[in-house]
Amino acid sequence: MNRYEHYDDAKLLQHYYQDGNNQYLGELLQRYTMLLLGVCMKYLKNEEKAKDAVQQIFMKVITELPKYRVTYFKSWLYTIARNHCLMH
(Lines give C-alpha, C1' and ligand atoms only; values in the text may rest on other atoms or scores of the structure.)
Protein backbone atom coordinates (compact mmCIF):
# COMPACT_ATOMS: atom_id res chain seq x y z
CA MET A 1 0.00 0.00 0.00
CA ASN A 2 1.21 3.46 -0.91
CA ARG A 3 1.52 5.65 2.17
CA TYR A 4 0.37 8.78 0.29
CA GLU A 5 -2.50 7.32 -1.71
CA HIS A 6 -5.08 8.93 0.60
CA TYR A 7 -3.53 12.39 0.02
CA ASP A 8 -5.03 14.50 -2.73
CA ASP A 9 -2.80 16.56 -5.01
CA ALA A 10 -3.33 19.74 -3.01
CA LYS A 11 -2.24 18.06 0.23
CA LEU A 12 0.87 16.61 -1.43
CA LEU A 13 1.76 20.04 -2.83
CA GLN A 14 1.20 21.64 0.55
CA HIS A 15 3.55 19.18 2.23
CA TYR A 16 6.12 19.55 -0.56
CA TYR A 17 6.14 23.34 -0.24
CA GLN A 18 6.34 23.14 3.58
CA ASP A 19 9.33 20.84 3.89
CA GLY A 20 10.73 20.34 0.38
CA ASN A 21 10.55 16.56 0.68
CA ASN A 22 10.83 15.12 -2.82
CA GLN A 23 8.80 12.07 -1.80
CA TYR A 24 5.69 14.20 -2.19
CA LEU A 25 6.76 15.34 -5.63
CA GLY A 26 7.63 11.76 -6.56
CA GLU A 27 4.13 10.65 -5.62
CA LEU A 28 2.60 13.39 -7.78
CA LEU A 29 4.77 12.47 -10.76
CA GLN A 30 4.00 8.79 -10.33
CA ARG A 31 0.27 9.54 -10.36
CA TYR A 32 0.50 11.30 -13.69
CA THR A 33 3.17 9.33 -15.55
CA MET A 34 0.59 7.69 -17.82
CA LEU A 35 -1.08 11.05 -18.48
CA LEU A 36 2.28 12.49 -19.50
CA LEU A 37 3.02 9.54 -21.74
CA GLY A 38 -0.38 9.94 -23.39
CA VAL A 39 0.12 13.66 -23.99
CA CYS A 40 3.59 13.06 -25.41
CA MET A 41 2.35 10.24 -27.66
CA LYS A 42 -0.41 12.51 -28.94
CA TYR A 43 2.08 15.16 -30.05
CA LEU A 44 5.19 13.14 -30.85
CA LYS A 45 3.59 10.00 -32.34
CA ASN A 46 6.62 7.92 -31.35
CA GLU A 47 6.84 5.81 -28.20
CA GLU A 48 10.58 6.16 -27.63
CA LYS A 49 10.48 9.92 -28.16
CA ALA A 50 7.46 10.12 -25.86
CA LYS A 51 9.25 8.18 -23.10
CA ASP A 52 12.31 10.42 -23.46
CA ALA A 53 10.07 13.49 -23.31
CA VAL A 54 8.43 12.24 -20.10
CA GLN A 55 11.86 11.96 -18.46
CA GLN A 56 12.75 15.47 -19.64
CA ILE A 57 9.45 16.78 -18.29
CA PHE A 58 10.14 15.12 -14.92
CA MET A 59 13.46 16.96 -14.76
CA LYS A 60 11.81 20.23 -15.72
CA VAL A 61 9.15 19.79 -13.04
CA ILE A 62 11.79 19.05 -10.41
CA THR A 63 13.60 22.31 -11.22
CA GLU A 64 10.55 24.51 -11.91
CA LEU A 65 8.05 23.54 -9.21
CA PRO A 66 10.00 25.12 -6.34
CA LYS A 67 9.92 28.47 -8.20
CA TYR A 68 6.13 28.69 -8.38
CA ARG A 69 3.13 28.32 -6.10
CA VAL A 70 1.19 25.77 -8.12
CA THR A 71 -2.40 25.24 -7.02
CA TYR A 72 -3.62 22.72 -9.61
CA PHE A 73 -0.74 20.32 -10.22
CA LYS A 74 -2.43 18.20 -12.87
CA SER A 75 -3.31 21.23 -15.01
CA TRP A 76 0.14 22.76 -14.54
CA LEU A 77 1.81 19.47 -15.41
CA TYR A 78 -0.33 19.03 -18.52
CA THR A 79 0.62 22.52 -19.70
CA ILE A 80 4.32 21.83 -19.12
CA ALA A 81 4.03 18.55 -21.06
CA ARG A 82 2.08 20.04 -23.96
CA ASN A 83 4.48 22.95 -24.33
CA HIS A 84 7.50 20.65 -24.14
CA CYS A 85 6.16 18.28 -26.77
CA LEU A 86 5.08 21.08 -29.10
CA MET A 87 8.66 22.39 -29.11
CA HIS A 88 10.14 19.00 -30.05
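**Helix start, burial and packing**

Author: At the beginning of helix 2 (residues 22-31), a side-chain oxygen of Asn-21 comes to within 2.8 Å of the backbone nitrogen of Gln-23. Helices here are DSSP runs (H or I, at least four residues), numbered from the N terminus. This is a predicted model, in which local features need pLDDT of at least 70 and side-chain atom pairs count only at pLDDT 80 or more, while totals for chains, interfaces and linings use all residues. Residues are numbered from 1 along each chain as its sequence is written, and side-chain values use heavy atoms, with hydrogens and water left out.

Reader: Which residues of helix 2 are buried, and what covers them includes which helices?

Author: Buried means under 20% relative accessible area, computed with a 1.4 Å probe on protein chains only. In helix 2, Tyr-24, Leu-25, Glu-27, Leu-28 and Leu-29 are the buried residues. Their cover includes helix 1 (9-19), helix 3, helix 4 and helix 5.

Reader: Why does Leu-28 count as buried, and what is it in contact with beyond its neighbours within four places in sequence?

Author: Leu-28 counts as buried because its relative accessibility is 0%. Its C-alpha atom is separated by 7.3 Å from that of Leu-12, 16 residues apart along the chain. With contact taken as heavy atoms within 4.5 Å, and neighbours within four places in sequence left aside, Leu-28 is in contact with Asp-9, Leu-12, Leu-13 and Phe-73.

Reader: Is Glu-27 buried or exposed, and which residues does Glu-27 touch?

Author: Glu-27 lies in helix 2. With a relative accessible area of 7%, Glu-27 is buried. Not counting residues up to four places away in sequence, Glu-27 touches Asn-2, Tyr-4 and Leu-12.

Reader: At what angle do helix 1 and helix 2 cross, and how many nonpolar, polar and charged residues does their contact have?

Author: The axes, which are lines fitted to C-alpha atoms over the stretch in contact, with angles from 0 to 180 degrees between N-to-C directions, come within 8 Å and cross at roughly 150 degrees for helix 1 and helix 2. Helix 1 is therefore roughly antiparallel to helix 2, a term for angles over 145 degrees. The contact is made by residues including Asp-9, Leu-12 and Tyr-16 of helix 1 and Tyr-24, Leu-28 and Arg-31 of helix 2. By class (Ala, Val, Leu, Ile, Met, Phe, Trp, Tyr, Cys and Pro nonpolar; Asp, Glu, Lys and Arg charged; the others, Gly among them, polar), this contact has six nonpolar, two polar and four charged residues.

Reader: How are helix 3 and helix 5 oriented to each other, and how do the residues of their contact divide?

Author: The axes of helix 3 (residues 33-44) and helix 5 (residues 73-86) come within 9 Å and cross at roughly 30 degrees. These two helices are therefore roughly parallel to each other, the word for angles under 35 degrees. Among the residues making the contact are Leu-36 and Val-39 of helix 3 and Leu-77 and Ala-81 of helix 5. The residues of this contact divide into eleven nonpolar, no polar and three charged.

Reader: Where is Lys-45 found, and what is the value of its phi?

Author: Lys-45 is found in the loop between helix 3 and helix 4. With a relative accessible area of 67%, Lys-45 is exposed, which is to say over 50%. Its phi is positive in a residue other than glycine, near 55 degrees.

Note on methods. Parallel < 35°, antiparallel > 145°, perpendicular 65-115°, else oblique. Polar contact = N/O pair within 3.5 Å; in protein donor to acceptor, adjacent residues only side chain to side chain.
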